[in-house]
Amino acid sequence: MVARAVPPPALRPGVPPAPLEAGQIPRLKKNRSLGVYSRYARRYARLVTMPTTAPHALADVTASHSTLRRFLHGLPGVDAVGLEARAASLGTRSIKTTAKAYAIDLAISMVDLTTLEGADTPGKVRALGAKAVHPDPTDRTTPATAAVCVYPDMVAVAKEAVAGSSVKVASVATAFPAGRAALDVKLADVRDAVSAGADEIDMVIDRGAFLAGNYMKVYEEITAVKEASGAARLKVIFETGELSTYDNIRRASWLGMLAGADFIKTSTGKVAVNATPANTLLMLEAVRDFRAQTGVQVGVKPAGGIRTSKDAIKFLVLVNETAGADWLDNHWFRFGASSLLNDLLMQRQKLATGRYSGPDYVTVD
Amino acid sequence: MSTVDRTNERLTVFKTYKLYVGGKFPRSESGRVYEVTDSKGKWLANAPQASRKDARDAVVAARKAFGGWSGATAYNRGQVLYRVAEMLEGRRDQFVREVADAEGLGKSKAAAVVDATVDRWVWYAGWTDKIAQVVGGGNPVAGPFFNLSTPEPTGVVAVVAPQESSFLGLVSVVAPVIATGNTAVVVASEKAPLPALSLAEVLATSDVPGGVVNVLSGRTAEIAAPLAAHQDVNAIDLAGADEVLAKELEIAAADNLKRVLRPQPVDDWTATPGLDRLTAFLETKTVWHPTGSLGASGSSY
């Protein structure tokens with residue numbers, strides 16, 4: 001197979017459409033006639049080809065519980081075998097030399113360096129912040145990571161640690177990771193993080209409500225959190241490992257985007273199944289189709305379980321081939337990870353020096 | 001079809017020799033193999049031709065195994081190594097055949113080599129829980145302290161196995177490395193890798209944790225170079241490197257201060273080896289323990 005490089009930023013086609021202003025309702029395309037296709041082709045084309053043409057006008061979708069439910073259940077079903085095969089085949093690309101160097105730097109710049117442990121101390125968060133700003137102190141050409149991701153009570157410490165750099169501070173909120181708390185508590189959690197200076201809020205959806213079919217509750221919760229986050233960008237975590245089916249992941253993605261998510265994120269990293277190429281591919285298709293329909297670009301963040309540079313590069317190939325080069329930027333794509341960064345740095349050192357590096361040459365998290 | 005001729009005829013079952021990395025038997029990542037012949041040039045088998053990526057994977061596996069293996073009690077390591085000798089004994093005929101082919105020996109001479117190899121393995125197995133008493137111990141110091149020196153394993157050791165002595169030589173360099181708690185990445189003899197690859201099968205079935213020994217076959221220079229330069233390899237044994245290669249590897253190894261064991265002028269692997277190879281990959285840890293407060297008499301005893 002021919003190795004295809006991720007194009008350098010200068011070569012990226014197009015500029016994303018201007019984002020909508022708050023409260024503005026996106027203009028919608030009318031349903032167009034599908035033309036000469038036979039009924040069967042029409043029925044199966046949706047399953048086989050990936051575009052998920054929303055069957056309803058999105059403006060009315062969130063008008064009531066039943067319209068929202070009808071919309072989400074009207075989304076085409078996911079061809080699970082096809083999805084996994086597509087994700088696997090994109091994972092076989094061979095990315096070498098200059099393309100690899102580009103991909104590694106890009107991946108480093110996309111890392112949300114994360115520490116979400118009960119044992120987090122201010123010292124650990126400060127160390128993490130220092131690492132986020134200068135991932136490899138021996139090589140100052142290494143790009144900074146995108147953000148550090150911490151619990152709300154550590155936001156102030158993290159903010160101080162990354163002060164004066166481009167690194168953002170993201171905070172999980174809304175009773176992370178279970179999300180099992182009253183809305184007031186969740187909103188207080190969010191306000192707390194924002195007032196401490198968080199640039200980004202990572203919220204979890206109420207999976208219980210989602211799985212019970214109570215989509216409107218989830219929707220309203222996301223909009224309420226969005227409002228509470230103010231200027232901070234909102235990442236919505238679906239915990240795909242708990243949603244059971246690909247259909248549910250597709251529905252959750254659309255639900256999140258309809259409710260105003262700036263990012264949709266796979267997982268908390270706290271359950272057995274985290275980000276996989278297949279579920280990330282599915283979410284990338286969703287953001288691509290959402291932009292095609294509404295003009296609003298939404299970011300994607302796979303989190304948990306991505307540990308090696310090889311995996312990270314596979315995800316970048318997915319992004320480029322599915323959503324497109326517009327998403328190859330840390331404003332629109334992130335990796336939620338902690339150990340991944342060390343592997344990226346070791347690979348970077350290998351490319352720079354020609355000798356394999358070892359864990360003695362990166363920091364212990 | 002004549003049934004008389006065919007009743008006893010069996011299809012040949014060719015053996016696919018594979019690498020041994022992390023307790024598994026993968027093919028080379030590069031997909032390459034090379035032809036291995038006996039001393040007269042007759043084809044024996046295709047051996048995997050490992051690449052630098054296989055070497056890298058082997059180092060990762062060896063590093064992963066190091067904690068468990070070095071942390072195991074010396075007694076336990078001795079038991080495990082003795083079990084390897086038991087398994088070798090059970091496969092004696094196979095090794096006699098392979099060594100005879102590889103080194104062009106007659107059957108009885110090859111059998112003597114295999115016996116010597118098993119004995120060598122047992123000899124090193126016995127040393128696991130004795131070496132600390134020989135090279136470690138209590139040091140007399142001028143103060144109220146117990147001062148104790150203990151030998152500690154160095155870490156991941158890359159071993160370039162001897163080229164000519166494909167089995168006895170191999171075991172003579174690998175056994176001392178792992179007996180003391182190091183983990184090894186072994187580059188088998190380029191010309192005669194089959195005994196080494198079969199030894200891997202023995203290791204896999206004798207309680208040696210996966211990754212403690214990793215066996216690579218292929219072009220020695222190609223595999224040894226990245227190992228010598230690897231930042232996560234702590235030591236390298238250059239037994240099987242020729243003069244030019246040994247010099248190159250030693251230069252590459254200098255960068256992260258690897259412990260280097262230069263090729264020794266040893267021709268006779270059958271001679272009793274002594275402790276040099278055991279101690280080559282040990283480092284000494286010395287600790288001071290207070291004996292407790294001194295009594296009025298000047299001693300706490």
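Two strands pair if DSSP finds at least two bridges between them. Strands themselves are DSSP runs (E, at least two residues), as helices are (H or I, at least four residues), and both are numbered from the N terminus.

Good morning. The structure above is a predicted model, in which local features need pLDDT of at least 70 and side-chain atom pairs count only at pLDDT 80 or more, while totals for chains, interfaces and linings use all residues. Residues are numbered from 1 along each chain as its sequence is written, and chains are lettered from A and ligands numbered from 1 in the order in which they are written.

I begin with confidence. The model scores ipTM 0.82 and pTM 0.83. Where pLDDT is low, the predicted coordinates should not be read in detail.

Let us turn to a sheet in chain B. This open sheet has three strands in the order β3-β4-β10, with antiparallel pairing. The edges are taken by β3 (137-139) and β10 (282-290), each with a single partner strand, so one side of each has no neighbour in the sheet. On average, neighbouring strands here are turned by 30° against each other, direction ignored; the axes behind this angle are lines fitted to C-alpha atoms, and angles in general run from 0 to 180 degrees between N-to-C directions. Strand β4 (residues 145-153) of chain B is joined to β10(B) by nine bridges, and the two run antiparallel. Within this pair, Ser149(B) stands opposite Thr286(B) in β10(B).

Chain A comes next. It contains 14 helices and eight strands. Of the contacts in chain A with a separation of 6 or more, 75% are between residues 24 or more positions apart; a contact requires C-beta atoms, placed from the backbone, within 7 Å.

Is Gln349(A) buried or exposed? This residue, which lies in helix α14 (residues 339-353) of chain A, is buried, because 21 other C-beta atoms lie within 10 Å. Leaving aside residues up to four places away in sequence, Gln349(A) touches Ser357(A) and Tyr361(A).

Finally, where the chains meet, six residues of chain B are in contact with seven residues of chain A.

Technical notes
Contact = placed C-beta atoms within 7 Å. Buried ≥ 20, exposed ≤ 12 C-beta atoms within 10 Å, placed from the backbone.
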